[in-house]
Amino acid sequence: MDVEEITTETVRPVARAVLGQRWTDLAFLHWAVDPARVAPLLPAGTVPDVLDGVTYAGLIGFRMERIGFLGGVAVPYLGTFYETNVRLYSVDAQGRRAVVFRSLEAERLIPVLVARVALGLPYMWARMRLTRHGDELAYVSRRRWPGPRPAASRMRIRVGEPIASPTALEHFLTARWGLHTRAWGATRHLANDHPRWPLHRAELLDLEDSLLTAAGLPGLDTPPDSVLYSPGVPVVFGPYRRSPAPAA
């Protein structure tokens with residue numbers, strides 16, 4: 001299987017925006033894990049994506065803003081909310097690198113229900129808060145529905161200097177141009193497109209978390225192997241433009 005290269009901008013530009021949004025004030029926490037451990041947690045037809053023999057589990061907190069459909073005006077109120085997700089990294093038979101979400105906590109119930117039904121994504125309704133004081137950000141989430149409960153997360157980071165030249169690992173963890181999900185009886189790939197990530201170094205000041213365990217990843221109680229921050233990017237999801245077939 002030929003796996004696509006890791007690139008700072010998408011290799012699959014979205015041809016028609018079905019869903020638009022903005023991701024803001026992102027904290028990326030990642031732990032190295034054995035690929036054999038997470039392989040059973042991925043959708044059929046995908047395998048763990050690896051870098052130097054290991055894969056990663058991520059805990060990401062942020063603010064979702066201005067969700068809109070088909071290039072239209074952002075949905076008021078319901079289109080902006082806090083989110084914390086647990087994610088893994090996958091590659092499919094076509095060599096497409098992507099993200100697999102094990103859980104996505106969100107504070108708006110209607111988007112949770114829509115995403116669960118339409119895309120099979122494991123969205124959870126939660127009480128959430130994101131606060132900022134200077135260069136310190138705190139992300140708090142406590143699950144409301146469905147179980148298992150209690151499942152909660154409290155993390156606090158300090159934002160550091162901008163990263164001029166991200167490492168291979170930092171590209172691997174953030175430059176992801178799609179997601180894999182099991183929906184409507186099959187594993188689906190949904191492409192996304194956004195500008196190059198503006199990344200910063202970050203320091204983890206505090207972490208109390210049970211979302212990783214609830215997502216099938218117990219025992220990740222050591223300090224994360226990578227901590228990053230980004231002020232955010234605008235994002236679109238939709239079918240991507242396929243490259244023309246080479247001439248015979």
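Predicted model: local features only at pLDDT ≥ 70, side-chain atom pairs only at ≥ 80, totals over all residues.
Strands β9 and β10 run antiparallel and pair over six bridges. Two residues separate β9 from β10 in the hairpin. Across the pairing, Arg-182 stands opposite Thr-187 of β10. Strand β9 covers residues 178-183. Most of β9 is covered, with five of its six residues buried.

Now follow the chain past β10. Strand β10 spans 186-193, and β11 spans 200-209. Trp-197 sits in the loop between them. What is the arrangement of the rings of Phe-28 and Trp-197? Their centres are 5.4 Å apart. Their planes stand at 90 degrees, and planes over 60 degrees apart count as edge-to-face, so this pair is edge-to-face. Phe-28 belongs to strand β1, residues 19-33. The pair thus links distant parts of the chain, 169 residues apart. Are these two residues buried or exposed? Both Phe-28 and Trp-197 are buried.

The pair also belongs to a wider group. Ring pairs join Phe-28 and Trp-197 with Trp-23, Phe-62 and Phe-237 in a cluster. The count of aromatic pairs comes to six.

Charged side chains meet rings too. Arg-144 lies over the face of Trp-125, 3.9 Å from the ring centre. Arg-176 lies over the face of Phe-172, and here the distance to the ring centre is 4.5 Å.

Note on methods. Residues numbered from 1 in each chain as written. Heavy atoms only, no water. Phe/Tyr/Trp six-rings, centres within 6.5 Å; stacked < 30°, edge-to-face > 60°. Helix = DSSP H or I, 4+ residues; strand = E, 2+ residues; numbered from the N terminus. Buried < 20%, exposed > 50% of the residue type's maximum accessible area, 1.4 Å probe, protein only. Lys NZ or Arg CZ within 6 Å of the ring centre and 35° of its normal. Pairing = 2+ DSSP bridges.
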